[in-house]
Amino acid sequence: MAKQLALIVDPIGCRAHGLCAQELPEAIVLDEWGYPILAAGPIPPHLLRRAKTAAAACPVLALKLTRAG
Amino acid sequence: MNSTLIWYISRATGVVAMLLFTAVMVLGMATAGRAGGGALPRAGVLRLHRYVSLLATAFITVHIATAILDTYVNIRLIDVFVPFGAGYSPFWVGLAAIVVDLMLAIGITSALRRHLSEFAWRAVHLSAYALWPMAVLHGWGTGGGDASATWMIAIDIACIAAVTVAAIGWRLRARTHPDTAARLEGDLRHARETIGAHS
Amino acid sequence: MTMIDTTRPAVRTATAAPIGAARLIGAGTGPDLQSHLARLGPLPTGPLRAAALITMTEAVGLAGRGGGGFPTSRKIAGIAASRRSSVLVINACEGDPTAMKDAMVIGRSPHLVLDGAITVAQAIGAGRVVLASHRGSDSARFLADALLERGSAAKRMKVVTVPARFVASEASSLVNYLNNGDARPSGRLAPIWESGVDARPTMVLNAETVSHIGLLARFGADWFRSVGSIDEPGTALVTVNGAVRRPGVVEVANGTSIGDILRLAGSAPAGWALIGGLAGRWADLATIADVPFTTAALRSNGLTKGVASISVIGEGGCVLNQAARVLDYLAAASAGQCGPCMFGLPAIAADMRALMKGDSAALDRLRRRLPVVKGRGGCAHPDGAVAFAASTLGVLTGPESGHLRRHLAAGPCPERGSDIPLVKVGH
């Protein structure tokens, strides 16, 4: 019933600050050049609040939450 | 309440607010300059930047409220927002009004960032570089006897030094990150053209 | 069936529907408007409505010929659903240097391209038609000349030249260029069919695709299906280059085998070839000679149609050396907007070159990096490069593993084959 949200990143906007991976290491890792690799699929409920923090932590707002599916 | 106490609270919170604003500036430049890691991860630097700015706002609010309440100086509510009209020290208080206006603009645009263009948010946010010196000048101009006290001068110098070092060490160095360099190179290879240029 | 049919048929009425596979090219008549009308007759009076065009294109399974292979009927349906005035962009750039088919149909039958564009524009209610072509190219000139011949009938159609760069002809790049002068992809988060040129719904169609529509509108679906295969009716243009006797562009009935296409180019199917363009797949021509050159058959053989080019490297050609060249090109062609592309592609290109020089660790680096780069850019450019690199690794660790061992032992091999073309002809 609760809406499902997923993480997406705007690859053109991303500047490899890497704050997202620090805020949500369970779902975001950085590749060897510092850009985020996101776990696929909807965000598990227990990580939802921290996912919003991670999106807010992006200095260029490249990380976003979107409706999944 | 004792009028002198209100006056002292106003001046004390003013000094603390300046220290906090200085910290906000330094933390902001650290964020943009990609500093952090080790003891404090970059996400922590950004969180601190935001928390300290809220704290600074709280101290500024008390500083302003007590300045209005205090009967020794003639500062009305409108003088908080509209500069150079105050009965007391119009120029230096006027600077503070500009600081308040910019502070509100920065705060509101940051809260509503998702609904604004990147350019709009950035332009307002960068006015912090004008805001902070004005705040320091306001403190010095309204300081009276305290402004020339050794401890006050030491605080002023420490704040100016901190912002200067952060600017040179971090903010100006941001250009050397590989992402920045690669994008600059991409911009050169794909130079923008005037629309509608055709053979 | 010959490569280029320069003979006039014995009996043909002024407006007979083309017979056989000589539809888009090979009629032997001039590109001017008069010859065009003499050969094919005019477009039917009364514009085709969107519903009718969708039905027709669906009935013949017309798919995009620009490399994506997306069903054209679905594309038209998507944009026709919007009530707002739309923009139609005809992609006549042909950014892939291995392909010359769009240039061929534009050079031989520019008015067929215009007819198709007009047909689609009227069906979807497009207020503006842009014919996008690379700056300084022959195609730009031919299309501009053809527009002049049309006079006021083509007043809402214009040729716009774009920078002659690989990523400039990607669909969202064209839109971005028309809006902002920035010929780089604008990302996948805001689709162009919702908000494109002038913030209007925009559809980008390949030049060959619309030229088929120009014929479909005249002669109908049954005629269209009279040639080709059941699952892929009609004809296709294929570019064959490299180590063949008669390189160039052929028009073949869909379903023609790869071997027969090679024979049209004057050579037996032998040795390695890159099929589908720079983002294509390697194929050992001898083993797939009987495979029909259709989207479905190619896919089930692990290949892709892409921009329908076959680049034969021939005897003595080295897949590894060619792969290093192609990846260097694709890395340099990056728009430089997305981290995984602007750092990942040069790393992959360097790894392939290192592998060519004998660095065995490069193989592991490639295996690690390819899935990391895939899918994480703002457009399909890195995906194409990754798929090509993966195809290369598949060949080098499979049928050519002996050749790879020689590289790992002794470094680069003396290359004697044909290079995959990396420079556009006609620019």
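Across the interface of chain B and chain C in this predicted model, the rule finds 3 salt bridges. One of these joins B:Asp187 to C:Arg184, and the closest N and O atoms of that pair are 3.0 Å apart. The side of chain B that touches chain C is made up of 5 nonpolar, 5 polar and 6 charged residues. In this interface, 16 residues of chain B are in contact with 26 residues of chain C, and 11 residue pairs are in polar contact, counting pairs in which both residues have pLDDT 80 or more. The size of an interface is often given as the accessible area lost when the parts come together. For chain B and chain C the buried area is about 1600 Å², of which carbon and sulfur atoms give 45%.

Chain B also touches chain A, and there the contact takes 19 residues from chain A and 15 residues from chain B. These two chains bury about 1400 Å² between them, with 43% of that area on carbon and sulfur atoms. The rule finds 1 salt bridge across this interface, and B:Arg47 forms a salt bridge with A:Glu23, with the closest N and O atoms 2.6 Å apart. The interface of chain A and chain B also holds 12 residue pairs in polar contact, both residues being at pLDDT 80 or more. On the side of chain A that touches chain B, the helices α1 (19–23) and α2 (48–57) each supply at least two residues, and the largest share, 4 residues, comes from α2 of chain A. That side of chain A divides into 14 nonpolar, 3 polar and 2 charged residues.

Within chain B, the reader can turn to B:Thr109, which lies in helix α4 (residues 90–111). B:Thr109 counts as buried because its relative accessibility is 13%, and the cut-off for buried is under 20%. If its neighbours within four places in sequence are left aside, B:Thr109 is in contact with B:Leu116, B:Trp121 and B:Val124.

Strand β5 (residues 235–242) of chain C pairs with β9 in the parallel sense over 4 bridges, and C:Thr239 has C:Ser309 as its bridge partner in β9. Strand β7 (residues 272–275) of chain C pairs with β9 in the antiparallel sense over 3 bridges, and here the bridge partner of C:Ala273 is C:Val312.

How values were computed: Residues are numbered from 1 along each chain as its sequence is written. Chains are lettered from A and ligands numbered from 1 in the order in which they are written. This is a predicted model: local features need pLDDT of at least 70, side-chain atom pairs count only at pLDDT 80 or more; totals for chains, interfaces and linings use all residues. Side-chain values use heavy atoms; hydrogens and water are left out. Two strands pair if DSSP finds at least two bridges between them. Contact means heavy atoms within 4.5 Å. Buried area is the accessible area (1.4 Å probe) that two parts lose on being put together, summed over both. A salt bridge is a side-chain nitrogen of Lys or Arg within 4 Å of a carboxyl oxygen of Asp or Glu. A polar contact is a pair of N or O atoms within 3.5 Å; within protein, one must be able to donate a hydrogen and the other to accept it, and residues adjacent in sequence count only if both atoms are side-chain atoms. Ala, Val, Leu, Ile, Met, Phe, Trp, Tyr, Cys and Pro count as nonpolar, Asp, Glu, Lys and Arg as charged, and the others, Gly among them, as polar. Buried means under 20% relative accessible area, exposed over 50%, partly exposed in between (1.4 Å probe, protein chains only).
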